[in-house]
Amino acid sequence: MPFKKKQAVNAAILGAAATALTVKAAISGPPDEGKARLEAAIEPASSIVGDEARVRPEHLYSRALVRKILVEAAARHQVDPKLVLALSYWESGWDQSRVSETGAVGVMQVQPETAKEAGPALLGREVDLDDPYDNADVGVAILRQDLDAFNGPVNGLAAYYQGPTSLKADGMFPDTQQYVEGILDLASRMTP
């Protein structure tokens, strides 16, 4: 099989697999959200550039859907949606497929070890960080906990970034200060 044709076939197979996974995720959620999740989540997973097709998993979830998921999580946890949108944009660019060098996952860039503890402790259930609904839910729940424990957005954001134990023991590091200032500035310009 010629290389370009083989590449196109592989891309089509990957696109179909990505769509199947999206459909599975959409219908495995709560019954009342299944249809809405399915309609909003499916978006073309590949783009044609010349004769090449390439899968773009970051576009499995549209920016509009990710924003909606984040705003809904903010409402559930009673956190300013502008703050949630700014933090998640700063962390991941609203890219659910992003994984940091340190292993943080998804739109809220949650560490798997943190999610393993925070899901059951804060949400009463385990979470799947690869699911944007779970990622937003646990990330915003952690932020809510940090905002409460540290009396507001400045130290709450610092705890989210630096970790509560480190913040208490060492104070705010210079890079944490830049992180907090950047997110607060971005939040002031966000519209939910």
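Me: How do the axes of H7 and H9 cross, and within what distance do they come?
Reply: The axes of H7 and H9 cross at roughly 125° and come within 9 Å. Axes here are lines fitted to C-alpha atoms, for helices over the stretch in contact, and angles run from 0 to 180 degrees between N-to-C directions. This is a predicted model, in which local features need pLDDT of at least 70 and side-chain atom pairs count only at pLDDT 80 or more, while totals for chains, interfaces and linings use all residues. Residues are numbered from 1 along each chain as its sequence is written, and side-chain values use heavy atoms, with hydrogens and water left out.

Me: What does that angle make H7 relative to H9?
Reply: H7 is oblique to H9. Angles under 35 degrees count as roughly parallel, over 145 as roughly antiparallel, 65 to 115 as roughly perpendicular and the rest as oblique.

Me: Is that crossing left-handed or right-handed?
Reply: H7 passes H9 in a right-handed crossing. A crossing is right-handed if the near helix is turned clockwise from the far one by less than a right angle, and left-handed if anticlockwise.

Me: Which residues make the contact?
Reply: H7 gives Pro-153, Val-154, Leu-157, Ala-158, Tyr-160, Tyr-161 and Gln-162, and H9 gives Asp-175, Thr-176, Tyr-179, Val-180, Ile-183 and Leu-184. Contact means heavy atoms within 4.5 Å. By class, the residues in the contact of H7 with H9 are 10 nonpolar, two polar and one charged. Ala, Val, Leu, Ile, Met, Phe, Trp, Tyr, Cys and Pro count as nonpolar, Asp, Glu, Lys and Arg as charged, and the others, Gly among them, as polar.

Me: What else does Tyr-160 touch?
Reply: Leaving aside neighbours within four places in sequence, Tyr-160 is in contact with residues including Leu-87, Met-108, Val-110, Leu-143 and Tyr-179.

Me: Which residues touch the most other members of the largest nonpolar core?
Reply: They are Leu-70, Val-84, Leu-87, Met-108, Val-110, Leu-143 and Tyr-160, out of 42 residues in that core. Such a core is a set of buried Ala, Val, Leu, Ile, Met, Phe, Trp, Tyr and Cys residues joined through side-chain atoms within 4.5 Å.

Me: Which elements give two or more residues to it?
Reply: H3, H4, helix H5 (112–123), helix H6 (132–149), helix H7 (153–162) and H9 do. H6 provides the largest share, seven residues. Helices (H or I, at least four residues) are DSSP runs, numbered from the N terminus.

Me: Buried or exposed?
Reply: Gln-109 counts as buried because its relative accessibility is 9%. Buried means under 20% relative accessible area, exposed over 50%, partly exposed in between (1.4 Å probe, protein chains only).

Me: And Asn-151, what is its phi?
Reply: Asn-151 has a positive phi of about 55° although it is not a glycine. Asn-151 is in the loop between H6 and H7, and at 72% relative accessibility it counts as exposed.

Me: Last one: where is Gly-171, and what does it touch?
Reply: Gly-171 is in the loop between helix H8 (164–170) and helix H9 (174–188). Not counting residues up to four places away in sequence, Gly-171 touches Gln-162 and Ser-166. At 27% relative accessibility, Gly-171 counts as partly exposed, whereas Ser-166 is buried, at 19%.
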